[in-house]
Amino acid sequence: MKDNKITLSHGAGGRLSHELIEEYFVPCFDNALLRALDDSAVIPMQSGQANRLAFTTDSYVVKPLFFPGGDIGRLAICGTVNDLAMAGAKPLGLTASFILEEGLSLEDLKRILVSMKEAAAEAEVQVVAGDTKVVEHGAAEGLYITTAGIGAISDNVVIGSAQAKPGDAVVVSGPIGDHEIAVLMARGEFSLQGEVESDCAPLNSLVQAMLKACPAIHSLRDPTRGGLATVLWEIANASGVGMVVEEGAVPMRKEVKGVCDLLGFDPYYLANEGKLVAFVPEKEAAKVLKAMQKHPLGKEATVIGKVTEENKGKVLLHTPIGGHRLLEPLSGEQFPRIC
Amino acid sequence: MCLGIPGKIVAITENQLAVVDFNGVRREVSLMLCPELEVGDYCLVHVGFAMQRLDPAEAQETMELLDQFLEASGEPS
Amino acid sequence: MNPHKNQDEGRLAPLLLENIAALADSPMRLMEVCGTHTVAIFRSGIRSMLPPGVELISGPGCPVCVTPAGEIDRAIALARREGMILATFGDLMRVPGSSSSLQEERAKGNAIRVILSPLDAVKIAEDNPDKTVCFFGVGFETTSPAIAAAVMEAQRKGCSNFYLLSSQRLIPPAMRALLSAGKVNIDGFILPGHVSVVIGKAPYCFLAEEFGLPGVITGFEPLDILEGIYLLLRQRKEGRTEIEIQYSRVVQEEGNPRARGIMEEVFAPVDARWRGLGTIPQSGLALRDGFSQMDAAQAFDLPLQDIAEPPGCLCGEVLQGLIRPPECSLFGTRCTPEAPVGPCMVSTEGSCAAFYKYGRGDAAK
């Protein structure tokens, strides 16, 4: 590459496009399927006890591109891996499409691709197909990434938002709010200094450890956009159950709480990228918790509440003073407030 | 109508500005309304301004009322 | 260490509630003036725990709720101007004007920046000398000294591109107007803790002296609020009608004289319109002559339109404490946080939004 920036010629399909793929993309995602550079990746069907596929896609437009604890690339891999993991699926392969802005520095691109390679290795998944396009300056704020993924679900796993049952323990894998606060601070808009890192991580191995302890887990969700409250509310409504959550039991880092206090944010609506909420049959909760706490991504896992027969479709928060309030889903963007 | 957050002054810079720590997160805060504050003081912060010194001793005094209730109910305080 | 937080909340709250219940043998209607109290009361779960004899009514202390639609329209008109950056607190972003909101205007590409401090607006002006920067200054006495300080700072730095669109209001005149109207039925006031950090105790004495009503200046932690309610009930029991300070760890009797001095140097009281309450004399603040070159309303010729409330909107009654949100026929049906009709549903601390978001789990309340 003569220049150190992406140009429109990189997207034209000619020699420069080919060089970009060979020099930047292929080495990062190096695997037999990708190296074939066919128009489609061909994955052999797995025989045996996995007769369903999970299939998902997401686009990633986060700004800034780099933030403490991660970057847009890591997010793109983990986000899609996690969507598969929440169905109880083992990832079989990912695709990654890139829309690059003219003027994006090749150094930044490389950094993002290496990060994706590392995240994929952590998740033990490969990127088997991809695409790049280049758009003119101003049209993509650096770059956008879309990933899609397929995974195989074992026959004995039945997980879904509509599967939660009264009596189930509600378990969260760790402190909430880290990702959204880390990104907000990295944007620098409110001049806040502090050490908050995104929790961006692939959760598939944690989920497999949990399923090993209890194949009958009812529901799994990762509380991304909309946060914990939105996910709990969605499951309460999909499953036709109620929920009671102990406010004092929900883990949160003190720095995250500090930022929420300063900006007037409600931590229950903050996005997480490396956490999950699990609905576990009551009798199995202790076993599942133990398995989670042994895993690096579940060390702070804890029970935060339980599913009830009453108050169908509602999530009740028990407050530290012994009262209660409703936890509603997020409606609209949270703006910092002074009142 | 007003979020006021307690923070601890960890540094005072020039022009009546201070660095205040809120549970491990720090922001610049103006001391224009409370210039007598010192490093180590706790203060109530609203819209980036220190509004008043926060007196931890006073916070303990508020608990006197509760101590009376506890005594009356025979519980340890 | 959070000096506000008592570690023993869970144990002490029931004790306070017991003592409140013991004094609540006959009904007592208490108005929490301040929107931040409304939210704190809901979020802490206090609403779900009070004995039936204690009724809490929300008052007009929500600066977002009482900002007339015409003033939102003025801010929007400014934001639409070529070369203008409008700086605002986040609270105002979703408030409906007559046809749009600041959030919608930002989506259209108008330069609107959400800030945490009035000093941030001054910094934006310094950093963008080729632009005009206007700060939409909304708030009560808690915020006005900070806005005044920022105005002084802008003048000191010679920021000739910095303007203020003042939409500030004062609490005691509004309380006087509410009580003088004679329609509201209140036995006592939970007084705004942070406004009082600035103004102290004296401005509330008229409540006791002229209207025979007690008031307690209260903090925002659950124990503070419970203690404030207890102290009001205790006054009734003991036949007293006084203004007391519960929030003594930050509220001094004399308030913060320096903050008031700065506020008074920059701003003069003027008559002001309150959404839902009409014009209240000497209840707003405007820039004094020495600073009037920064007055956006003058500099940019922004007439203030009087906008009628949407049909069926009862925000005015809610703000005066005459009805509770569920008594408005639009509540929860046509008027929801996703699609608010009036400001009480838009503001995070508007009575209707708080009721909708936190309170619908309480069947009895």
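From the N terminus on, chain B runs β-β-β-β-β-α. That gives chain B one helix and five strands. The model described here is predicted, and it scores ipTM 0.93 and pTM 0.93.

**Chain B**

- Chain B has 77 residues, and buried residues make up 47% of them.
- Among the contacts in chain B with a separation of 6 or more, 27% are between residues 24 or more positions apart.

**Chain B against chain A**

- In this contact, 12 residues of chain B meet 15 residues of chain A.
- Strand β3 of chain B, residues 25-30, gives four residues to the side that touches chain A, the largest share of that side.
- Sorted by class, the side of chain B that touches chain A holds seven nonpolar, two polar and three charged residues.

**Chain B against chain C**

- Here 28 residues from chain B are in contact with 34 residues from chain C.
- On the chain B side, β4 (42-46), β5 (49-54) and α1 (56-73) each supply at least two residues.
- The largest share of the side of chain B that touches chain C comes from α1(B), with 10 residues.
- By class, the side of chain B that touches chain C is made up of 18 nonpolar, seven polar and three charged residues.

**Chain C: confidence and domains**

- Chain C has a mean pLDDT of 92, with 96% of its residues at 70 or more.
- Where pLDDT is low, predicted coordinates should not be read in detail.
- Two domains are assigned in chain C: domain 1 covers 69-151 + 257-299, and domain 2 covers 315-358.
- Between the C-alpha centres of domain 1 of chain C and domain 2 of chain C the distance is 25 Å.
- The two domains of chain C touch through seven residues of domain 1 and eight residues of domain 2.
- On the domain 1 side of this contact in chain C there are three nonpolar, one polar and three charged residues.

**Chain C: helix α7**

- Helix α7 of chain C spans residues 144-156, which is 13 residues.
- From its first C-alpha to its last, α7(C) reaches 18 Å, close to the 18 Å expected at 1.5 Å a residue.
- Most of α7(C) is covered, with 10 of its 13 residues buried.
- The buried residues of α7(C) include S144(C), P145(C), I147(C), V151(C) and E153(C).
- Just after α7(C) comes G158(C), which takes a positive phi of about 70 degrees.

**Chain C: single residues**

- I85(C) sits in strand β3 of chain C, residues 84-89.
- I85(C) counts as buried because 22 other C-beta atoms lie within 10 Å, and the cut-off for buried is 20 or more.
- Apart from neighbours within four places in sequence, I85(C) is in contact with A111(C), R113(C), I124(C), N128(C), K131(C) and V133(C).
- G61(C) is 24 residues from I85(C) in sequence, and their C-alpha atoms are 28 Å apart in space.
- L86(C), again leaving aside neighbours within four places in sequence, is in contact with A75(C), L78(C), A79(C), A111(C), I112(C), C134(C) and F136(C).
- D25(C) lies in the loop between α1 (9-23) and β1 (28-34) of chain C.
- D25(C) counts as exposed because it has 11 C-beta neighbours inside 10 Å, and a residue is exposed at 12 or fewer.
- The C-alpha atoms of D25(C) and G312(C) are separated by 37 Å, and the two residues are 287 residues apart along the chain.

**Chain A: helix α3**

- Helix α3 of chain A, residues 72-85, has 14 residues that should span 20 Å at 1.5 Å a residue, and its end C-alpha atoms are 20 Å apart, so the two values agree.
- Because 14 of its 14 residues are buried, α3(A) is largely enclosed by the rest of the structure.

**The largest nonpolar core**

- In soluble globular proteins, nonpolar side chains tend to be buried together.
- The largest nonpolar core in this model has 263 residues.
- The members of this core that touch the most other members are V171(A), L232(A), A50(B) and L86(C).

Methods: Residues numbered from 1 in each chain as written. Chains lettered and ligands numbered in written order. Predicted model: local features only at pLDDT ≥ 70, side-chain atom pairs only at ≥ 80, totals over all residues. Domains from an automatic or database assignment. Nonpolar A, V, L, I, M, F, W, Y, C, P; charged D, E, K, R; others polar. pLDDT = per-residue confidence, 0-100. Core = buried A, V, L, I, M, F, W, Y, C linked by C-beta atoms within 7 Å. Expected span 1.5 Å × (residues − 1).
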